[in-house]
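Biologist: I am new to this structure, and I would like to go through it with you. Could you show it to me, please?

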Amino acid sequence: MLPKQIRKVNDTLWEIPRSYKPGMLVPARFYASRALLEGMDEAVFDQTTNVATLPGIVGHSFCMPDGHSGYGFPIGGLAAFDTREGVISPGGIGFDINCGMRLVATSLSFEEVQPRLTELVDRLFSAIPAGVGGKGLLKLKPSELRTLSEQGMRWCLKRGYALPEDLERTEENGCVPGADASKVSERAVERGQQQIGTLGSGNHYLEIQVAREENIFDRDLAAALGIRFPNQVLLMFHCGSRGFGHQIASDYLKSFLQVMQSRYGIPVRDRELACAPFQSPEGQDYFKAMNCAINMSFANRQVILHRIREVFSEVFGRDPMDLGMHQVYDVTHNTAKIERHRVEGAWRELLVHRKGATRAFAPGMAGIPEIYRESGQPVIIGGSMETGSYLLTGVLSGEQAFFTTAHGSGRTMGRRQAKKQFRGQQLAEQMKERGIYVRTASYSGLAEEAGAAYKSIDEVAEATEAAGLSRRVARLLPVGNVKG
Amino acid sequence: MPFEYLEDLTAADVAFRAEGGSLEEMFAAAWGATLGVIVDPRDLRPRVRRRIRLQDPGLEQLLYGFLEEQLYLKDAQGLLLRLETCRVDRRGGKWRVQATAAGEPADPGRHNLGTDVKAVTWHHFSLRREGDRWQATVILDV
């Protein structure tokens, strides 16, 4: 049920005022159609208003159209904090630091790929470890993983796993500054040592997708982003910083809980909302370690891209560049980053937390590759494995939400409920009949990811456009899927 | 098994309630509930054994650390481990757990694998005594 105090600002924006809860410093805002808003669980409203009480929050505490309840912050949460007076919160970033999406184009049409689809998916499934216990082909020494975590995709470039253009077409060029591996625990390093180049599990996946002509929303923008002919094949994958990032989040959550109230006098409303002043020693240490996880995750996705290129090259007997395998873009949707934004007419330096939310810079903004200066930053919103995903771009009106948009479709059905309702093997067969060939490390995991367990990705993408957060470019349909 | 998965606490992840007549039983149940998300524990052969020794002034923190240890051993050593023995006591103002667990590396050919667990969360985390039973509620991020 919706909170009584929520009021409609316009058809896709809703606000809960500060009077809703003691301690709220700013109002809470929800971007959603009425249907999406009514579908949100009650905890989303509680969590978004809890975030509004954190010291130094600027503007509003936001929730995106795919919002659902998370830990501390909701998934789909966005909050910006003053870098001098505000806090940093692991709960505003998530355990899977720099969980993100990467989209890669090809010059192949579906007609060319279809006869080799089974072989491609099978080979991708072998080349890119997925699911529980999946070990990457690289086993790094602890010191090497620490180096990688400070260099991100530059590490991959030096070792021949990346092209210079891959770095250009990745948020932050695949390496955020300010990473300091001395702030990362031994346990985090040990957990991540064998996980470079692995997908993980849960909702992580790798898909072969098709851009059908009828699913192109804006032909010129699509062409600018690399989608240039009917039935073009693309690859999309979703994964993060694996055990390395999970351990960093857990380590600092523990450290923040010890000092939050006692040293910094910040009341603990929810332990997952643990935070520390950004300028405090604890806050700075977490920021440096979190940046390492961001870089590790960029490198993880890069090694996966390298393997994808190898597989396609082997199957088609052609060089990956001859197959047009250029990366479109890589976005992160679980981060906190220092950005400059205009607030009530004045430029301010802010620590922008996005948890299950994607940066969506508008045309002309600094921080996006030259080739996308006119189109705006590409945004990749991943849908369920049955229903498809979206490519969008950032727009000027995104300023209202620190240039941020949705990240996915958001679950509506619990995992156990999904397992009761669907059988993994049967689902795989049904998907095959509908033209989607799937390989999975776990059939029970597959059942949990059934399309019906998620919100409609179409409604989410449409709401982001109606709200002026991003513009739809193309809807991409899955034909092959490797599921963690 | 003295645990049950809960439907209503989380849509995106996995929640469970673990119970026991003693702290040991409850800790073991919570370990089993966590492992059960990742793999069918019946498939695991006791080929490798690990000792777990942790201490913490807080009992909740001890349980959190105990479950986190399972995730650490899974990722760092690649091992899926069933709990064999478990002892929880309090000494010198600190709670301690001493346990042994046995199992083997994940094998997709032989193990019925489920979903990987990323982290133990503090969301709705609770540990309490109800009459003569210990009870914990935990949400795992998957």
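**Strands, helices and an interface**

Modeller: Gladly! Let us begin with one pair in chain B: Val88(B) has Val97(B) as its bridge partner in β5(B). Please keep in mind that this is a predicted model.

Biologist: How many bridges join β4(B) to β5(B)?

Modeller: Strand β4 of chain B covers residues 79–91, and β4(B) and β5(B) run antiparallel. The two form a hairpin with 2 residues between them, and Gly92(B) in the turn has a positive phi of about 55°. The number of bridges joining β4(B) to β5(B) is 12.

Biologist: Which residue is the bridge partner of Arg50(B) in β5(B)?

Modeller: Here we turn to β3 of chain B, residues 48–56, which runs antiparallel to β5, residues 94–105. These two strands are joined by 9 bridges. In β5(B), Arg50(B) is partnered by Ala101(B).

Biologist: Is the crossing of α1(B) and α2(B) left-handed or right-handed?

Modeller: Helix α1 of chain B spans residues 23–38 and helix α2 spans residues 59–77; their axes come within 10 Å and cross at roughly 35°. As for its hand, the crossing of α1(B) and α2(B) is right-handed.

Biologist: And in the contact of α1(B) with α2(B), how many residues are nonpolar?

Modeller: From α1(B), the contact includes Phe27(B), Trp31(B) and Leu35(B), while α2(B) brings residues including Leu63(B), Phe66(B) and Lys74(B). By class, the contact has 2 polar residues and 1 charged one, and the nonpolar ones number 8.

Biologist: Why is chain B said to be as compact as a globular protein of its length?

Modeller: Chain B has 2 helices and 8 strands, which follow the pattern β-β-α-β-α-β-β-β-β-β along the sequence. For 142 residues the globule rule gives 14 Å, so chain B counts as that compact because its radius of gyration is close to this value, at 14 Å.

Biologist: What percentage of the residues in chain B are buried?

Modeller: Some context first: the C-alpha atoms of chain B fill a box of roughly 45 × 35 × 25 Å along the principal axes. Among contacts in chain B between residues at least 6 apart in sequence, 63% join residues at least 24 apart. Of the 142 residues in chain B, the buried share is 49%.

Biologist: Now to where the chains meet. Which helix supplies the largest share of the side of chain A that touches chain B?

Modeller: In this interface, 35 residues of chain A are in contact with 28 residues of chain B. Helices α8, α10, α12 and α14 of chain A each supply at least two residues of that side of chain A. The largest share, 5 residues, comes from α10(A).

Biologist: On that side of chain A, how many residues are polar?

Modeller: The side of chain A that touches chain B has 8 nonpolar and 12 charged residues. Its polar residues number 15.

Biologist: How many of the 10 residues of α2 in chain A are buried?

Modeller: This helix, residues 42–51, is mostly covered. Its buried residues, among them Val44(A), Phe45(A) and Val51(A), pack against β2, β3, β4 and β5 of chain A. Of the 10 residues of α2(A), the buried ones number 7.

Terms used. Residues numbered from 1 in each chain as written. Chains lettered and ligands numbered in written order. Predicted model: local features only at pLDDT ≥ 70, side-chain atom pairs only at ≥ 80, totals over all residues. Contact = placed C-beta atoms within 7 Å. Helix = DSSP H or I, 4+ residues; strand = E, 2+ residues; numbered from the N terminus. Nonpolar A, V, L, I, M, F, W, Y, C, P; charged D, E, K, R; others polar. Pairing = 2+ DSSP bridges. Axes fitted to C-alpha atoms, helices over the stretch in contact; angles between N-to-C directions. Left-handed = near helix turned anticlockwise from the far one by under 90°. Rg over C-alpha atoms; globule rule 2.2 N^0.38 Å. Buried ≥ 20, exposed ≤ 12 C-beta atoms within 10 Å, placed from the backbone.
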